[in-house]
Amino acid sequence: MKKEDYRNSVLHQVRDLKELARIQKEKCFHLEKLTEVMGRETAAGIKRVIFTGCGDSYSAAGAMLPGFKRLSGLKRCNAPDIMDFCCYYTRDKILKGLKAEEVLVVAISFSGSAQRLEEALNKANDLGVQSLLITRNPDSRGGRAAKSVFNVETPDGCNSPGLRSYYASMVGMAALGAYIGCCNGTLGEQEFYDTGETIAGYTLRFLEDLDRIDEEMFAEAVKMKDLRKFELIADWNEGSSAQFVEQKFIECGGVYCDHTTSEEFAHISFFFRGPEEFGTIVMVNEADRSLSRMKDTVNGCLAQHRPTLVVTDLEASEFEVRQRDWSDVDNFYGIADQGFNSMEQAGKAAVCHIAKAPEQWMSPFVDFIPGSLLAAYHAAVNEHHFFGGRFDFRTETWRG
């Protein structure tokens with residue numbers, strides 16, 4: 001198979017990040033623009049922020065939540081599923097003892113068109129709290145419902161299946177956090193601008209390795225061509241990146257895919273029948289506090305003969321098969337009884353090395369890219385058009 005025969009809209013969107021990183025930095029890390037969106041006095045008075053959204057936007061909220069907390073200096077922030085927020089968040093759960101004007105509800109939606117998004121914003125308005133929409137479409141139903149709109153001004157271009165919008169939404173979240181931090185004294189004005197420069201610079205640093213990463217992901221897609229089940233394993237904010245990649249596997253190829261954490265893998269996913277039928281992507285960085293558990297997880301995947309890819313800023317040698325004396329067993333890894341119990345017969349994990357983030361919270365700006373490329377190539381080599389056959393990945397056009 002020739003990779004050139006399977007070029008697709010995901011690869012094109014990743015390449016587009018070289019220019020988009022600069023544009024989103026300029027459009028989002030803009031103090032005068034943010035001051036018009038929300039006055040400095042209002043921003044300085046915010047003490048709690050709730051992010052929510054649908055689909056990719058929900059993943060963006062979770063991926064960037066640690067960064068928002070770091071930049072804004074606010075600790076009482078969370079990112080509930082939009083159904084949880086709309087249907088189960090009470091007034092007390094939203095306010096947490098604060099005044100209404102001290103609470104900000106931020107909905108994220110590139111299109112701004114989702115009905116549930118409008119419902120979330122109206123709920124915030126009815127409670128008297130601040131409401132804001134991060135979007136590219138301020139004239140949408142969400143834009144009309146929100147008290148304030150932060151337009152990320154992403155230029156026109158193919159956005160199926162949603163990589164450009166995902167990246168733009170995360171930059172918008174980071175810029176909003178930095179602005180609130182600038183207003184409440186957490187960040188200085190120069191730090192505000194430096195943050196935007198660092199995000200764009202990190203994205204460009206990652207893209208220096210794109211040709212290599214693209215080749216590796218195509219090769220993995222060919223090796224995994226006949227698989228129809230996939231699992232992403234990641235912790236902390238990488239878990240939201242994993243959720244985004246899961247969405248790409250389903251949207252592009254229509255395969256079964258889930259995401260889980262390193263601990264839940266040990267308690268649940270380890271017991272799937274036919275584990276060798278699962279393509280498994282593990283996402284972990286050196287700074288992750290769960291690194292040792294993640295290394296156990298990789299060993300567990302290999303013990304089950306799962307085709308395993310590790311996306312990491314660590315060297316491949318960190319994930320080599322580790323032999324143990326199983327006479328003193330303290331977990332199930334390596335001793336499954338379904339015929340996949342020999343570490344001596346286990347293969348090696350493929351390792352995709354990515355650039356180390358300047359700060360840990362920044363890794364989601366790029367860590368979703370290898371898995372997204374793999375998802376797209378897996379669909380392409382199987383000649384599956386995206387979104388259930390409705391989107392031609394080669395011509396980037398919709399059918400019917």
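**A strand and its surroundings**

Analyst: In this predicted model, both faces of strand S4 are covered. Gln 130, Leu 132 and Ile 134 are buried on one side, and Ser 131, Leu 133 and Thr 135 are buried on the other.

User: How many of the residues of S4 are buried?

Analyst: In a regular strand, side chains alternate between the two faces of the sheet. For S4, one side carries the buried Gln 130, Leu 132 and Ile 134, and the other the buried Ser 131, Leu 133 and Thr 135. The strand runs over residues 130-135, and the number buried is six of six.

User: Through which helix does the chain cross from S3 to S4?

Analyst: Strand S3 (residues 103-108) pairs with S4 in the parallel sense over five bridges. The β-α-β crossover that links S3 to S4 is right-handed, and the helix on this path, residues 115-127, is H7.

User: Which residue of S5 stands opposite Ile 134?

Analyst: Ile 134 is the bridge partner of Ile 108. S4 also pairs with strand S5 (residues 148-151), in the parallel sense and over four bridges. In S5, the residue opposite Ile 134 is Phe 150.

User: Why do the buried residues of H7 lie on the same side of the helix, and what arc do they cover?

Analyst: The buried residues of H7 are Leu 117, Ala 120, Leu 121, Lys 123, Ala 124 and Leu 127. They lie on the same side of H7 because the arc they cover around the axis is only 155°.

User: Which residues are exposed on the other side of H7?

Analyst: The buried residues of H7 are covered by elements including strand S1 (48-53), helix H5 (82-88), S3 and S4. On the other side of H7, the exposed residues are Gln 115 and Asp 126.

User: What distance does H7 reach from its first C-alpha to its last?

Analyst: H7 has 13 residues, for which 18 Å is expected at 1.5 Å a residue. The computed reach is close to that value, at 19 Å.

Conventions: Residues numbered from 1 in each chain as written. Predicted model: local features only at pLDDT ≥ 70, side-chain atom pairs only at ≥ 80, totals over all residues. Heavy atoms only, no water. Buried < 20%, exposed > 50% of the residue type's maximum accessible area, 1.4 Å probe, protein only. Helix = DSSP H or I, 4+ residues; strand = E, 2+ residues; numbered from the N terminus. Pairing = 2+ DSSP bridges. Right-handed = clockwise from strand over helix to strand, strands pointing away. Expected span 1.5 Å × (residues − 1). Arc of directions from axis to C-beta. Contact = heavy atoms within 4.5 Å.
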